[in-house]
Amino acid sequence: MANILVANIPGFPNPANPEHKIKLNEATVRQALQFSGLNPDMEEASLTAFLNEVQDPASFVDSRTWTAQTRKLAIFWYAVQTLDDSKMTADYDCPHCGKLHSHRYDLRNFAGQFTVIQGKPYREFTFNDELIRVSPLNGEAMENLELARQGMHHPKPKEVLAPEQEDHNRKLLAHIRLRMLVLSVDYPNDLTEDQAERFNRRESKINALTIRQKEAFEAEVWRLQAEMEHGLKMDADETGELYLYVGSHACPNKTTEEGGVLSTALRVPFRHYAAIPVV
Ligand SMILES: [Zn+2]
């Protein structure tokens, strides 16, 4: 019988708060049994349960309070340290030639590439004489957005959505975009302690803005969010879901008129590269 050693997963600095060292332990069967009951459609809720369970108790901080980026870095880190083979394949439809291509990448190559937030993990600005604080979306916000996304209609392969389903999706997307904005900001001078009440007050303030005010407000919020980028190289889609950038792939079939390379930047959802262990 071979001896399989327990992975000693090295700690890493929380990229949104480098003084906090995150240390994860390899999951046991007992823990993986619990994870088997998690709903695979609720990735953020599952990620919270996973990270809170495998965190080293000595440096435990509720992963709901970590930024979305920190949480994704943590599950990525766990995958890199516990996978026997960290080489992955991303299949994609090429926008240049229309054919299906496969891109090979090694997760390990990204392990040293995460960045740490510059300055404080929040930014402030004044709008309509009120102080606004912008913070990266945290785990709680990501769970909230994920719950909202559950109402979206997703067409099955070769299925076309009915017009009323398309209308429903568009309306829901507008709500989700607005919710992302509400979840990104806080009014530090509002002393209301009840979190649900705070959320409602922020929401009604934003709903009361005119469209032009809201556009200016939103532009400033996203600008400050971009200033606080940290973690792995990732992009959020319009509903806030984060995708890992896994490199560029050159189309083998087509070039530019001058013979130059036509490449595609590839992004994958985190379920593609990092799975929560189950039994
Ligand atoms: Zn191609």
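Visitor: How many bridges join strand β9 to β10?
Guide: This is a predicted model. In it, strand β9 covers residues 242-255 and runs antiparallel to β10. The number of bridges joining β9 to β10 is 7.

Visitor: Which residue is the bridge partner of F125 in β6?
Guide: Strand β5 (residues 123-127) is joined to strand β6 (residues 130-134) by 5 bridges, and the two run antiparallel. They form a hairpin with 2 residues between them, and N128 in the turn has a positive phi of about 50 degrees. Across this pairing, the partner of F125 is I132.

Visitor: Is helix α4 roughly parallel or roughly antiparallel to α5?
Guide: Helix α4 spans residues 139-149 and helix α5 spans residues 163-184; their axes lie 10 Å apart, at an angle of about 170 degrees. Angles over 145 degrees count as roughly antiparallel. Therefore α4 is, relative to α5, roughly antiparallel.

Visitor: How many nonpolar residues does the contact of α4 with α5 have?
Guide: On the α4 side the contact involves A141, N144, L145, A148 and R149. On the α5 side they meet H175, I176, R179, M180 and L183. By class, 2 residues are polar and 2 charged, while the nonpolar residues number 6.

Visitor: What is the radius of gyration of the protein chain?
Guide: The chain has 7 helices and 10 strands, and its C-alpha trace spans about 65 × 55 × 40 Å along the principal axes. For 279 residues, a compact globule would have a radius near 19 Å. The chain's own value agrees with that, at 21 Å.

Visitor: What percentage of contacts with a separation of 6 or more comes from residues 24 or more positions apart?
Guide: Buried residues make up 21% of the 279 residues in the protein chain. For contacts in the protein chain with a separation of 6 or more, the share from residues 24 or more positions apart is 66%.

Methods: Residues numbered from 1 in each chain as written. Predicted model: local features only at pLDDT ≥ 70, side-chain atom pairs only at ≥ 80, totals over all residues. Axes fitted to C-alpha atoms, helices over the stretch in contact; angles between N-to-C directions. Helix = DSSP H or I, 4+ residues; strand = E, 2+ residues; numbered from the N terminus. Parallel < 35°, antiparallel > 145°, perpendicular 65-115°, else oblique. Contact = placed C-beta atoms within 7 Å. Nonpolar A, V, L, I, M, F, W, Y, C, P; charged D, E, K, R; others polar. Pairing = 2+ DSSP bridges. Rg over C-alpha atoms; globule rule 2.2 N^0.38 Å. Buried ≥ 20, exposed ≤ 12 C-beta atoms within 10 Å, placed from the backbone.
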